[in-house]
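Please look over the sequence and the structure, then read the points below.

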Amino acid sequence: MGAVLGRHDTHKRSFHGSKLEAKMVDAMQQRASHGTSLKSFDSIIMKFPKIDESFRKCKTIFEQFDIVSFHVPIHVSRSGAFADEDSNGEIDKEELKHCFQKLEISFTEEEICDLFEACDINEDMGMKFNEFIVFLCLVYLLNEPAVSEAKIKMGLGNLEATFETLVDAFVFLDKNKDGYVSKDEMIQAINETTTGERSSGRIAMKRFEEMDWDKNGMVTFKEFLFAFTRWVGIDENEDDDE
């Protein structure tokens, strides 16, 4: 579960304090002000199967973005979405820019690059399926006019309920509503169950370590998303046969 966690110190330091992180924190703080319907970590776990099913539906969107090169013929399906006959299983930065242009989504080049680099957790210049899921959720979270437009054109409407559940889950963990989750907050969240039973601190620490991939003691929404994809069974090497 932790193969991808704790890698690439340079990238980790560059993300913290970035404009994108500041936007995510601000968005999460605004969401937190409305509270959460979740009452325990157990209630989050119970949603894993449905979230896993929804994540796997993202595969279609992923394949639409996975255009190997500008010279590969792009076919338009009856739904208007772009499809590729020769995908390589990952999306590079140029493919992402190209698709945003084709879909007439008004992100700046800087915004696209920031999102790509934030989600390319392995720093291999290719966004794999699990990284793409995180990318979609971040696009959904950043509530700007360009993103509202992107939600429709990228087909995120059907995934809205899933993304709202993920935001709700993070808000539940973020007890002090500062846009981050600390060890103490994770322990408190794990111990809050509907039955009144208390889970061990060891379980809480294990979950926290799975989220805190940069080992700085604070978990961002992006880190939470990467851990969540693994919790529900989406691996970084996910392929069509799984």
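Lys177 sits in the loop that runs between α9 (160-173) and β3 (181-182). This is a predicted model.

- Lys177 has a positive phi of about 60°, although Lys177 is not a glycine.
- Most residues other than glycine have a negative phi.
- Lys177 counts as partly exposed because its relative accessibility is 39%, a value between the 20% limit for buried and the 50% limit for exposed.
- Gly179 is also placed in the loop between α9 and β3.
- Gly179 counts as buried, since its relative accessibility is 2%.
- Which residues does Gly179 touch, leaving out those up to four places away in sequence? They are Val25, Met28, Gln29, Phe170, Asp174 and Val219.
- One of these, Met28, is 151 residues from Gly179 in sequence, yet the two C-alpha atoms are 5.3 Å apart in space.

**Another positive phi**

- Lys215 is a residue other than glycine with a positive phi, near 55°.
- Lys215 belongs to the loop between α11 (201-211) and β4 (218-219).
- With a relative accessible area of 52%, Lys215 is exposed, because the limit for that class is over 50%.

**The chain as a whole**

- The protein chain has 12 helices and four strands.
- Of its 242 residues, 51% are buried.
- The accessible surface of the chain comes to about 11600 Å², and carbon and sulfur atoms account for 49% of that surface.
- Taking contacts between residues at least 6 apart in sequence, 69% join residues at least 24 apart.

**The largest nonpolar core**

- The largest nonpolar core holds 73 residues.
- Which members of this core touch the most other members? They are Phe65, Phe135, Leu136, Met154, Phe221, Phe224 and Phe228.
- Helix α7 supplies the largest share of this core, with 11 residues.
- Leu136 touches Cys58, Ile61, Met154, Leu156, Leu159 and Phe163, when residues up to four places away in sequence are not counted.

**Helix α4 against helix α7**

- Helix α4 covers residues 48-65 and helix α7 covers residues 129-141.
- The axes of α4 and α7 come within 10 Å and cross at roughly 95°.
- α4 is therefore roughly perpendicular to α7, as angles of 65 to 115 degrees fall in that class.
- On the α4 side, the contact is made by Phe55, Arg56, Cys58, Lys59, Ile61, Phe62 and Phe65.
- On the α7 side, the contact is made by Phe129, Phe132, Ile133 and Leu136.
- By class, the contact of α4 with α7 has nine nonpolar residues, two charged residues and no polar ones.

**Helix α11 against helix α12**

- Helix α12 spans residues 221-231, and its axis lies 8 Å from that of α11.
- The two helices pack at an angle of about 115°.
- α11 and α12 are therefore roughly perpendicular to each other.
- From α11, Arg207, Glu210 and Met211 take part in the contact, and from α12, Glu223, Phe224, Ala227 and Trp231 do.
- The contact of α11 with α12 has four nonpolar and three charged residues, with no polar ones.

- Leu20 is part of helix α2, residues 19-32.
- Leu20 counts as buried because its relative accessibility is 6%.
- Leu20 and Leu142 are 122 residues apart along the chain, while their C-alpha atoms are separated by 9.3 Å.
- Glu104 is placed in the loop between α5 (93-102) and α6 (109-119).
- Is Glu104 buried or exposed? Glu104 is exposed, because its relative accessible area is 58%.
- Glu104 touches Glu149 and Lys153, not counting residues up to four places away in sequence.
- Glu104 and Lys153 are 49 residues apart in sequence, and their C-alpha atoms are 8.6 Å apart in space.

Conventions
Residues are numbered from 1 along each chain as its sequence is written. This is a predicted model: local features need pLDDT of at least 70, side-chain atom pairs count only at pLDDT 80 or more; totals for chains, interfaces and linings use all residues. Side-chain values use heavy atoms; hydrogens and water are left out. Axes are lines fitted to C-alpha atoms, for helices over the stretch in contact, and angles run from 0 to 180 degrees between N-to-C directions. Angles under 35 degrees count as roughly parallel, over 145 as roughly antiparallel, 65 to 115 as roughly perpendicular and the rest as oblique. Contact means heavy atoms within 4.5 Å. Ala, Val, Leu, Ile, Met, Phe, Trp, Tyr, Cys and Pro count as nonpolar, Asp, Glu, Lys and Arg as charged, and the others, Gly among them, as polar. A nonpolar core is a set of buried Ala, Val, Leu, Ile, Met, Phe, Trp, Tyr and Cys residues joined through side-chain atoms within 4.5 Å. Buried means under 20% relative accessible area, exposed over 50%, partly exposed in between (1.4 Å probe, protein chains only). Accessible areas come from the Shrake-Rupley method with a 1.4 Å probe; for residues, only the protein chains shown count as cover.
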